[in-house]
Amino acid sequence: MRSVIDILDLSVAEIAELLATANDIIDHHEKYENILRGRKLATLFFEPSTRTRMSFEAAMYELGGNVISLAGGNTSSAAKGESVADTIRVVSNYVDIIAMRHYIEGAALAASESGTVPIINAGDGGHCHPTQTLADLLTIYREKGHFDNLTIGLCGDLKYGRTVHSLINAMSRYANVRFILISPKELRCPAYVLEGKDPTSFIETASLEEAMPELDILYMTRIQKERFDDEEEYLSLKDSYILNNEKLKNAKADLKILHPLPRVNEIAVEVDDDERACYFKQTLYGKYMRMALILKLLKEKDNPKKESLMPADAIISDVKCSNPKCICQSEQELKTRTIIRNGIRRCVYCEHEI
Ligand code: NCD
């Protein structure tokens, strides 16, 4: 059963295929209107969401399918202590495909192990968010026409910002892409995201102003309040970057400004009128990419090939993952599995070092 947990579960060729489908949906919407009649999507959201859940639901309706939704995990049996595995086993009986958001890192991979329908990761804690990346990729593609030779500034909370982690994974597969990682030192991108990638393609800085003139894409992010263990630390970092018209004076004329949204304070409202601002278009593109992804996964489900996303070299470990935010801590039946990447042993679910 094919699930999408990480953006790297999709090859570059498959991303190209999804972009082509999304563009075709935009141009010929009528062709797709009844294509999934009788099929059901469940949206299981254990964390707040506006765009991701609603665009998944709009996507399914626009394909002629139906949706059942669990918008607040605290209204489900999870609040009674039900595991993710059991929840997914049950929901698999009711629908053809599941989009799940969970606050625990690795929850989506764990879900894909117990479900009998495709699972789409709609965000697992501070780890990854592949379908936001699909939205980002369609935005970049439609705005720039290509992925190669771009300098991308990622600014804000690069530590907990799961959309950043997935976007770096996706964009580092294209030729001559440079990343300028702009964050306070406390919120730098985790090592597991950068490992195994060409170190010369990354520059880390704390200064948005210095990076600005070089950028083709500026990807702003919210400081992820809900992921901080220490509220004082959040308060001291929350307004680290505020993009405004003044700061954009040194930017390229064809810069494109993206943001996964919601914005809190990191982009001044005055920037919305700048023609370089793409973040509201990006939310619409997210719906088309989710339509393309649901179509692809259901097509593959109808022509099944058994596939597990568990890496073949993952081994069951006696040492439990120590990341308190990892799914291994809360799922009773889940064994910690580890993989060695670049000489470092990591938990397969959350990628923290063991
Ligand atoms: C993002 C998320 O949930 O990670 N939002 C989204 O899905 N569009 C970004 C965020 O919450 O800051």
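This chat goes over the ligand site, the pockets and the cavity of a predicted model.

Me: Anything to know before we start?
Reply: The model is predicted, so local features need pLDDT of at least 70, side-chain atom pairs count only at pLDDT 80 or more, and totals for chains, interfaces and linings use all residues. Residues are numbered from 1 along each chain as its sequence is written, and side-chain values use heavy atoms, with hydrogens and water left out.

Me: Which residues surround the ligand?
Reply: R51, T52, R101, H129, Q132, R162, T163, R222, Q224, P260, L261 and P262.

Me: How many of the shell are nonpolar, polar and charged?
Reply: The shell has 3 nonpolar, 5 polar and 4 charged residues. Here Ala, Val, Leu, Ile, Met, Phe, Trp, Tyr, Cys and Pro count as nonpolar, Asp, Glu, Lys and Arg as charged, and the others, Gly among them, as polar.

Me: What does the side chain of H129 do there?
Reply: One of its polar atoms lies 2.7 Å from a ligand oxygen. A polar contact is a pair of N or O atoms within 3.5 Å.

Me: And Q132 and Q224?
Reply: Q132 has a polar side-chain atom 3.1 Å from a ligand nitrogen. For Q224, a side-chain N or O atom is 2.8 Å from a ligand oxygen.

Me: How much of the ligand does the protein bury?
Reply: 94% of the 310 Å² that the ligand exposes when taken alone. Those areas come from the Shrake-Rupley method with a 1.4 Å probe.

Me: What is its volume?
Reply: About 380 Å³, counted as the space filled by probe spheres set on the points. Of its 20 lining residues, R101, R162, R222, L261 and P262 lie nearest the centre.

Me: New topic. How many cavities of 30 Å³ or more are there?
Reply: The search finds 1. A cavity is a set of grid points where a 1.4 Å probe fits but cannot get out. The largest cavity holds about 60 Å³.

Me: What lines it?
Reply: The lining includes R51, T52, Q132 and P260, residues that also surround the ligand.

Key:
Near = heavy atom within 4 Å. Polar contact = N/O pair within 3.5 Å; in protein donor to acceptor, adjacent residues only side chain to side chain. 1 Å grid on protein atoms, 1.4 Å probe; cavity = no way out; pocket = protein on both sides within 12 Å on 5 of 7 lines; lining within 4 Å.
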